[in-house]
Amino acid sequence: MTEPQAIAERELCGLVNGLAQQIADHVRERAVTLGLTAAQATALRELTGPMTMRELAERMSCEPSNATFVVDKLEKQGLIERRAHPTDRRAKHLVLTADGAALRERLLELLTRDSPLAGLNPKEQRVLQGLLEQAIVPGAGRRG
């Protein structure tokens, strides 16, 4: 890698890390207003329908044991229920309760307000998403 390439990569990594930190701070600040932790807010945001703990953990980018801890707290608050999986006797489906669905809607409204990505129009957001997905593929660091 040449020096200009190394500088460009370092600067890009700094920008990506800075955006990730801004997003994390944004989620944390909005979560607190609803009496949630950032992890609980992330779980609610990612729970788009019935799913297993493993699926939720993947969406949260954490280990299933960490997701279980978060779900246990949300279940105690009456926001999530564990139900029998329709096709796998060993698995449980996580499902939002009515209160959980209402809180998730409020959370999504708060997260879209003043989002760190609000400076990008929908087309620019899709372009950024495509570039990030392309960069994240396994082995991307080995490309020419």
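Predicted model: local features only at pLDDT ≥ 70, side-chain atom pairs only at ≥ 80, totals over all residues.
Residues are numbered from 1 along each chain as its sequence is written. Local features need pLDDT of at least 70 and side-chain atom pairs pLDDT 80 or more, while totals for chains, interfaces and linings use all residues; side-chain values use heavy atoms, without hydrogens or water.

The pLDDT (the predictor's confidence in each residue, from 0 to 100) averages 91 over the protein. A score of at least 70 is reached by 94% of the residues. Residues 140–144 fall below 50. Beyond near neighbours in sequence, this stretch has five contacts (heavy atoms within 4.5 Å) in the model.

Helices (DSSP runs of H or I, at least four residues) and strands (E, at least two) are numbered from the N terminus. Helix H4 covers residues 64–76.

Ala67, Val70, Val71 and Leu74 of H4 are buried (under 20% relative accessible area, with a 1.4 Å probe and protein chains only). They lie on the same side of H4, because their arc around the axis, taken from the directions to the C-beta atoms, is only 100°. The buried residues pack against H2, H3, strand S1 (80–84) and strand S2 (92–96). The face turned away carries Ser65, Phe69 and Lys76, which are exposed (over 50%). Gly78 follows H4, with a positive phi near 75°.

Thr52 sits in the loop between helix H2 (38–46) and helix H3 (53–60). Its relative accessible area is 15%, so Thr52 is buried. Not counting residues up to four places away in sequence, Thr52 touches His85, Ala91, Lys92, His93 and Leu94.

Methods
Expected span 1.5 Å × (residues − 1).
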